[in-house]
Amino acid sequence: MSALDQPDSAPIGVETVGMTMKFGAFVALDNVSIQVRPGTFHALLGENGAGKSTLVKCMMGFYHPTSGQLIVGDREVSIDDPRAAHAHGLGMVYQHFTLVPSLTGAENLVINRPDVPAVIDWADERGALADFMATMPFAVPLDVPVSRLSAGEKQKLELLKQLYLGRKFLILDEPTSVLTPAEADELLGMVRQMTVQAGLTVLMITHKFREVTAYADEVSVLRRGRYVGGGKVSDLSHADMAALMIGEKTLSQKAARSGVPGDAVLSLRGVQAVDRSGLKQISLDSLDVRAGEIVGVAGVSGNGQTELMELLAGQRPYQAGAIAVKGQPYDASRTQARAANVRYLPEEPLHNACAPRMSVAQNMAFRDFDEDGQGKPRFWLDTGAMRAKARDLVAAYNVKTTSIDSPIAALSGGNVQRAVLARELTGQVDLLVISNPCFGLDFSAVAEIRARIMAARNSGTAVLLISEDLDEILELSDRVLVMSEGRIAFETPIGAADIGEIGQHMAGHA
Amino acid sequence: MNGLDIGWWGVPIAIIGGAIRVSTPFIFVSLGECLTERSGRINLGLEGTLVFGAMAGYAVAFHTGSPWAGVAAAALAGMLFGLLHGWLCSLPKVNDIAVGIALMLFGTGIAFFFGKPYIQPVAPDLPAIPLGWWTDIPQLEAALRVNVLFVIGAILAFAMAWMFKATRVGLIVRVVGDSTDAARAMGLDPNWVRLWSTAAGGALAGIGGAYLSLYYPGSWNEGISSGQGLMAVALVIFARWNPINCLWAALLFGGAGALGPALQSVGVSEGYYLFFAAPYVLTLGLLVATSSPTQAISGAPGELSITK
């Protein structure tokens with residue numbers, strides 16, 4: 001079963017030496033050397049885009065590093081593809097499940113073996129599986145289809161699969177992101193136990209400090225593709241790790257602000273909803289956004305920010321609580337949004353706020369094409385007025401398009417963003433809800449869009465800014481909220497904001 | 001009425017006989033479709049494959065004098081249709097449902113074109129096993145004359161269920177049908193697996209067609225199929241992609257199809273034609289009853305375009 005040349009009991013260690021990975025001009029990994037000692041539980045910490053995934057993909061042979069060596073055990077090895085990595089005893093548990101849903105656990109384990117016989121003798125296989133399971137610290141039902149297992153059981157089965165295939169060095173890519181906290185603790189406890197007892201070596205990608213301190217022996221921290229520090233977990237405090245992970249960020253220069261906040265425009269009280277996975281609860285006790293202020297919602301992705309956006313846009317039902325805009329109950333119908341002057345700029349606007357194949361002019365008319373200027377519904381469209389308005393907006397917002405009649409999908413990301421912003425900011429806007437407005441945009445587009453948001457705030461609009469980019473939050477916000485595990489875990493006015501503290505709350509440590 | 005007058009007992013006997021006689025093409029086509037769909041692709045062209053198989057089988061049986069040569073020719077022709085479907089669908093941006101409908105029209109059209117000269121000639125029939133030798137009742141004896149292909153089809157259903165469960169090939173087909181990503185991660189080539197699953201499914205549908213022209217009704221004409229190839233797709237869904245359930249579903253469907261003629265034979269002359277619609281009403285009713293608006297169909301292969 002095992003393709004290792006080491007004796008079965010000896011744990012293996014893995015080391016990267018000067019690993020560099022370039023994608024064109026972009027340096028994803030810059031001379032990263034980390035050492036995972038045999039039989040240890042090693043954590044790899046870093047923000048989104050810090051290069052953690054790139055590093056492990058180089059180790060597993062998905063990417064071929066531009067330069068650098070990989071040492072497995074005590075020999076330098078060259079790993080060209082995942083199969084070669086498997087042959088050296090390296091295995092990976094991915095963030096998403098790789099099990100086949102309709103096959104049972106036993107079938108999933110057996111079919112992944114390289115030497116499946118043409119006719120499978122299930123009596124034999126079951127015996128062998130039972131022997132194997134007896135050596136494992138945890139059990140998973142093997143006779144029901146994987147689709148009927150819970151997320152925790154699936155993740156355990158992924159782990160079992162790697163061990164069944166004889167892997168001695170496991171890379172876990174955010175293994176707890178789809179699990180409830182209790183499931184996460186159980187799983188990591190078992191992994192920890194196996195590193196101690198069964199000679200397994202584990203490298204876990206994470207950004208949760210709590211999991212690092214509770215389970216890992218050692219930690220390496222990456223930031224912007226570089227190794228910035230690490231060592232024994234027992235020697236490091238959360239503040240140390242947060243400082244390494246987030247770095248010496250200085251608050252970037254604030255755009256000019258004017259005016260004082262007015263009354264609350266948006267208020268959420270005790271809103272309870274189920275998250276996307278259907279497993280976790282989104283629970284927002286109290287959230288207010290006042291006129292003339294920007295409230296920034298920071299957080300690591302997947303902690304309820306998307307759901308918050310969906311709640312406000314009426315895309316997600318909630319079980320309890322109330323959402324009100326200007327004191328009136330609000331369920332995001334077109335009529336209400338229009339009456340209360342609520343506008344949205346969702347993430348990936350081409351997919352979430354546009355009809356990609358309709359023209360720029362038509363897309364820009366979405367807010368008001370069906371009313372006649374006096375708030376009355378209209379039957380015949382006034383295409384002339386629509387086009388005239390689109391021409392004005394394209395000029396005013398500097399949208400680069402060959403013509404207002406070209407499909408909006410033909411525009412670049414920044415120009416789609418400008419076009420949607422132009423549509424959403426036209427007329428009286430009392431509440432603007434924005435999600436990741438600058439994701440994937442170039443520098444000049446970012447600066448321009450942030451300036452527009454700030455201008456809206458200065459003219460008295462209440463802005464709720466949900467963003468995974470902490471720099472953006474710190475630059476624009478008047479108040480910063482941190483979402484973690486579906487709740488608002490922390491709130492601070494920008495003047496008193498401490499980056500280390502924000503980072504710790506983002507990482508799930510209260 | 002000659003022989004014994006058995007009165008209303010004729011109805012259940014006719015239903016049993018009809019279930020066995022009428023169900024055979026359904027068994028083959030639905031097993032073929034089941035295999036293809038389990039690999040993650042849907043082949044709506046099996047109706048065309050069935051009609052072409054009926055024509056090819058009849059023609060070859062007529063020229064060689066051997067009905068089994070006809071069955072082999074039908075299977076081969078069906079396999080070629082399956083390969084064509086599988087190859088077209090492996091091209092980028094090709095939709096399997098659209099290709100299936102095109103091949104259905106192509107298959108029936110080309111079968112009518114080449115089949116014109118074979119409408120008059122008489123080809124040898126497939127042999128049947130007289131399982132009713134012990135009875136004196138002619139109706140029962142007739143009902144129990146079981147064709148060899150029915151027996152093969154029934155065995156095949158169990159063999160296919162075993163294959164999906166306990167062979168490497170079977171598990172690979174299921175892996176590919178359920179998750180293309182997982183299959184690729186295992187180093188399998190999903191298109192290759194689907195190509196041959198579709199080819200094998202086409203061969204089975206061809207055999208189903210040969211049964212039509214070589215046993216029941218036992219002649220080649222342009223109205224030989226009454227949509228068996230399309231109903232088989234519904235049968236597979238109703239059978240929840242399980243080959244053994246496909247067998248039961250085909251029997252149920254065949255039995256329901258025999259209801260109309262059986263009632264007619266015992267003298268129900270009014271409204272009996274409504275019972276000709278029984279299989280279709282039954283299928284519709286069962287599909288409605290077993291579907292759920294909130295849940296995805298259980299047992300459906302994850303990569304199937306109609307369940308995605």
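Trainee: How far apart do the C-alpha centres of domain 2 of chain A and domain 3 of chain A lie?

Mentor: They lie 25 Å apart, in a predicted model whose local features need pLDDT of at least 70 and whose side-chain atom pairs count only at pLDDT 80 or more, while totals for chains, interfaces and linings use all residues. Residues are numbered from 1 along each chain as its sequence is written, and chains are lettered from A and ligands numbered from 1 in the order in which they are written.

Trainee: What makes up the contact of domain 2 of chain A with domain 3 of chain A?

Mentor: Two residues are in contact if their C-beta atoms, placed from the backbone, lie within 7 Å, and the contact takes 10 residues from domain 2 of chain A and 7 residues from domain 3 of chain A. On the side of domain 2, the largest share, 4 residues, comes from helix H15 (residues 443-458) of chain A, where a helix is a DSSP run of H or I with at least four residues and a strand a run of E with at least two, numbered from the N terminus.

Trainee: Why is H2(B) called roughly parallel to H4(B)?

Mentor: Helix H2 (residues 46-64) of chain B and helix H4 (residues 96-115) of chain B pack at an angle of about 15 degrees, with their axes 7 Å apart. Angles run from 0 to 180 degrees between N-to-C directions, with axes fitted to C-alpha atoms, for helices over the stretch in contact. Angles under 35 degrees count as roughly parallel, over 145 as roughly antiparallel, 65 to 115 as roughly perpendicular and the rest as oblique, so the angle of about 15 degrees makes H2(B) roughly parallel to H4(B).

Trainee: Which residues of H2(B) make that contact?

Mentor: Among them are B:Val51, B:Phe52 and B:Met55, and H4(B) contributes residues including B:Leu103, B:Ile110 and B:Phe114.

Trainee: What makes S6 and S10 of chain A edge strands?

Mentor: Two strands pair if DSSP finds at least two bridges between them, and strand S6 (90-93) and strand S10 (226-232) of chain A each pair on one side only. The open sheet has 6 strands in the order S6-S7-S8-S3-S9-S10 (chain A), with mixed pairing.

Methods
Domain bounds come from an automatic or database domain assignment.
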